Amino acid sequence: MLKVHIEKELEGFKLDVEFESRRAVTALFAPSGSGKSLTLKAIAGLIEPDRGVVKVSNTTLFDSFKGVNLPPQKRKVGYLFQDYALFPNMTVLENIRYGSVDEELTAKLLRILQIEGISDRYPSEISGGQKQRVALARALAMKPRLLLLDEPFSALGKGLKLTLYKEVKELRRLFDIPVVLVSHDIDEVFELADYMVVMKEGKTVQAGTPAEVFMNPANLEVARLLGHKSFL
């Protein structure tokens with residue numbers, strides 16, 4: 001179970017997002033500038049909300065009312081950034097091992113993500129798709145209690161995306177942890193998510209399964225965001 005209620009004012013932007021999900025993969029769906037990445041950073045502990053609660057299963061990561069604010073290194077949150085944020089002076093294997101000493105898990109991730117053959121290369125020597133796989137392996141090597149994916153497939157071609165979708169699903173079954181996916185691609189949401197939260201200008205405007213939200217948009221604005229073309 002994932003419970004998120006975050007209020008944060010930053011440089012004139014007001015974030016007030018709230019959702020609760022018992023599903024495996026929750027997608028934050030919204031246009032650019034709606035506060036999706038800011039929400040992930042607050043969940044990960046990279047920024048401190050002004051008020052709110054972040055809870056994963058029985059573990060409270062943040063609670064402004066109870067004075068709880070775990071530092072990022074104690075939250076055990078795996079984070080895959082948009083730009084992957086790999087360490088340029090480390091090899092693929094060293095990047096994955098960073099923060100993890102489980103050699104068996106490292107070997108399993110290399111195999112599942114098909115990057116065994118590039119383990120001795122540096123980030124500058126591998127493709128964008130390979131960097132994505134390495135960053136995902138590094139995020140999972142720490143055995144997180146929660147995985148955050150910040151538009152990880154946005155720069156990849158359709159064929160590579162479909163391959164990675166399958167790998168993400170396999171890893172999700174292997175680790176059995178909640179995942180929060182940031183996306184503005186409705187096809188991607190239907191492919192990967194069990195639950196979606198539609199955001200607009202920093203606020204939650206609708207939540208439910210992708211099918212429920214798509215078939216019953218809360219208003220005209222949500223319908224347009226979802227790609228509906230005909231209105232009565």
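Me: Which residues line the largest cavity?
Reply: The model is predicted: local features need pLDDT of at least 70, side-chain atom pairs count only at pLDDT 80 or more, and totals for chains, interfaces and linings use all residues. Residues are numbered from 1 along each chain as its sequence is written, and side-chain values use heavy atoms, with hydrogens and water left out. On a 1 Å grid over the protein atoms alone, a cavity is a set of points where a 1.4 Å probe fits but cannot get out, and lining residues have an atom within 4 Å of a point. For the largest cavity, the lining is L136, L140, L147, L149, V168, L171, R172, F175, I177 and V179.

Me: Which element gives the largest share of that lining?
Reply: Helices (H or I, at least four residues) and strands (E, at least two) are DSSP runs, numbered from the N terminus. Two or more lining residues come from each of α5 (128-141), β8 (146-150) and α6 (158-175). The largest share, four residues, belongs to α6.

Me: How many residues of the lining are charged?
Reply: Ala, Val, Leu, Ile, Met, Phe, Trp, Tyr, Cys and Pro count as nonpolar, Asp, Glu, Lys and Arg as charged, and the others, Gly among them, as polar. The lining of the largest cavity has nine nonpolar residues and no polar ones. The number of charged residues in it is one.

Me: How much space lies in the largest cavity?
Reply: A volume is the space filled by probe spheres set on the grid points, which are joined across faces, edges and corners. The count comes to one cavity of 30 Å³ or more. The space in the largest cavity is about 70 Å³.

Me: How many of the 14 residues of α5 are buried?
Reply: Buried means under 20% relative accessible area, exposed over 50%, and partly exposed in between (1.4 Å probe, protein chains only). Among the buried residues of α5 are G129, L136 and L140, and their cover includes β7, α3, α4, β8 and α6. Helix α5 is largely enclosed by the rest of the structure, because its buried residues number 11.

Me: Is K76 exposed, partly exposed or buried?
Reply: K76 sits in the loop between α2 (72-75) and β7 (77-80). Its phi is near 55°, a positive value in a residue other than glycine. Because its relative accessibility is 35%, K76 counts as partly exposed.

Me: Is Q114 exposed or buried?
Reply: Q114 belongs to the loop between α4 (103-112) and α5, and its phi is positive, near 55°. Because its relative accessibility is 57%, Q114 counts as exposed.

Definitions and conventions. 1 Å grid on protein atoms, 1.4 Å probe; cavity = no way out; pocket = protein on both sides within 12 Å on 5 of 7 lines; lining within 4 Å. Contact = heavy atoms within 4.5 Å.
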